[in-house]
Amino acid sequence: MIRLPFLPTSLVLPLASNSTIVSPGLGLWPIPSSLSTGSGYVKLSQSFAIVFVGEGHVPQDLDDAIRSTTSLVWKDQFERLLVGRGSVDAKALRNSSISTLNVLELRLTSSSNNLKSIYEETVGVEASERDESYRLEVPSDASTATLTANSTLGLFRGLTTFTQLFYSSGKTVYTFKAPIVINDKPAFPHRGILLDTARNFFTKDEIISTIDAMAWSKLNVLHWHVVDSQSFPLQVPAFPELAEKGAYDSKSIYKVEDIKQIVEYAGSHGVDVMVEIDTPGHTTAIAESHPEHIACANAVPWVKYAHDLQTIKFTAELFSSVMEMFPSKYFSSGGDEVNFNCYAHDAQSQAELKLSKQTLEKALSSYVEQTHSVITRTGKTPVVWEEMVLRHKINLVNDTVTLSVLVSHHLPRPIAQAPSRIAP
């Protein structure tokens with residue numbers, strides 16, 4: 001299945017489970033956990049500004065977010081989602097008594113001279129430890145709105161919500177629901193999309209656009225399925241030949257500097273990039289440069305054998321080199337759709353199993369345990385697909401995150417009872 005870099009509505013969940021239903025025309029997305037509104041009109045002053053009130057130097061990415069938000073509220077030209085658009089408010093907006101909003105003040109609940117950036121609050125931090133909560137107040141009878149949070153990441157989420165409160169009518173930018181009080185925090189610490197760039201290559205700019213869409217919807221994890229059997233577009237410093245021979249072409253490669261820019265841009269927009277190097281299955285493209293590491297490298301038909309990786313040392317070195325480019329707390333080793341038929345018909349695999357006196361299941365468990373030890377030694381958390389729990393008796397470390405593909409509201413019992421954590 002092709003995974004495309006846009007956000008279908010079925011993927012975007014409300015930020016909180018106790019969401020309040022809002023009236024037609026209010027453009028909040030996702031719906032905040034607590035929302036109180038009135039029916040008053042407030043318009044932005046022509047000199048409207050967003051200012052940070054507090055001690056310390058404002059981090060560059062927060063300053064960028066402030067400038068971007070200030071620009072967006074004027075340039076967005078978003079109109080009411082009603083027939084007639086902003087014309088329904090034209091008469092009210094001509095009323096000279098309408099309050100004018102001059103300033104949005106940003107404040108952190110704790111004073112500190114050493115403010116963390118949005119990037120630092122997002123990347124390399126456990127999902128459950130990221131504080132994305134905020135309180136936003138837009139009064140109906142005063143010139144100042146306030147946005148308060150415990151972190152710069154929370155301020156960033158609140159700025160996104162602020163832009164969604166306002167509409168355009170001609171040259172006027174306004175809201176019609178003042179006073180507005182919002183208290184918001186995530187219902188789910190992991191809110192992500194999966195982007196597959198191995199089957200279909202997407203440019204760096206297209207990925208950046210995807211990150212923008214994620215940030216607007218307050219999604220926080222880009223699960224990057226960067227390589228697969230079809231192609232290997234990732235430039236790995238320790239193994240440059242993987243992309244040189246495994247990519248679709250020389251233009252379809254993510255270079256080291258591309259990865260750095262994507263990771264930094266994502267982090268500054270509250271998105272953590274979790275890379276997946278799916279093994280031992282889904283590795284046919286590696287055979288283009290290293291056939292010695294792939295079982296059934298030349299076996300056909302591919303659908304029957306689906307060539308699998310079989311070398312622990314090579315995998316460990318590959319993981320180590322890739323992890324240096326991705327500072328996320330999480331690293332996915334995949335693990336789905338391991339093709340036992342391939343190993344059953346691969347002479348080298350069978351010879352090694354016979355020599356070691358291991359079953360294929362035990363060999364797979366050993367492979368996962370040894371490659372995961374490389375992940376945990378760097379302080380990262382391993383992430384696997386549900387097959388590692390449902391189909392195989394793999395001895396996973398307790399904090400391993402299991403990705404479950406849910407086809408109903410019933411979570412498979414073996415996953416729910418496993419010591420690993422769940423990220424549906």
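1. F326 is buried, because its relative accessibility is 1% (buried means under 20% relative accessible area, exposed over 50%, partly exposed in between, with a 1.4 Å probe and protein chains only). W224 likewise counts as buried, at 0%. The model is predicted: local features need pLDDT of at least 70 and side-chain atom pairs pLDDT 80 or more, while totals for chains, interfaces and linings use all residues. Residues are numbered from 1 along each chain as its sequence is written, and side-chain values use heavy atoms, without hydrogens and water.

2. The structure holds 11 aromatic pairs (rings of Phe, Tyr and Trp, the last by its six-membered ring, with centres within 6.5 Å; planes under 30 degrees apart are stacked, over 60 edge-to-face, the rest tilted). Among them, W224 and F326 pair edge-to-face, with 6.1 Å between centres and 80° between planes. W224 belongs to strand 10 (residues 221–225) and F326 to the loop between helix 9 and strand 14 (330–334), so the pair ties together parts 102 residues apart in sequence. Helices (H or I, at least four residues) and strands (E, at least two) are DSSP runs, numbered from the N terminus.

3. S321 is found in helix 9, residues 312–323. At 6% relative accessibility, S321 counts as buried. Beyond its neighbours within four places in sequence, S321 is in contact (heavy atoms within 4.5 Å) with V236, P237 and A238. A polar atom of the S321 side chain lies 3.1 Å from the backbone nitrogen of A238.

4. Ring pairs also join Y41, F78, Y167, Y174 and F176 into a cluster.

Conventions:
Polar contact = N/O pair within 3.5 Å; in protein donor to acceptor, adjacent residues only side chain to side chain.
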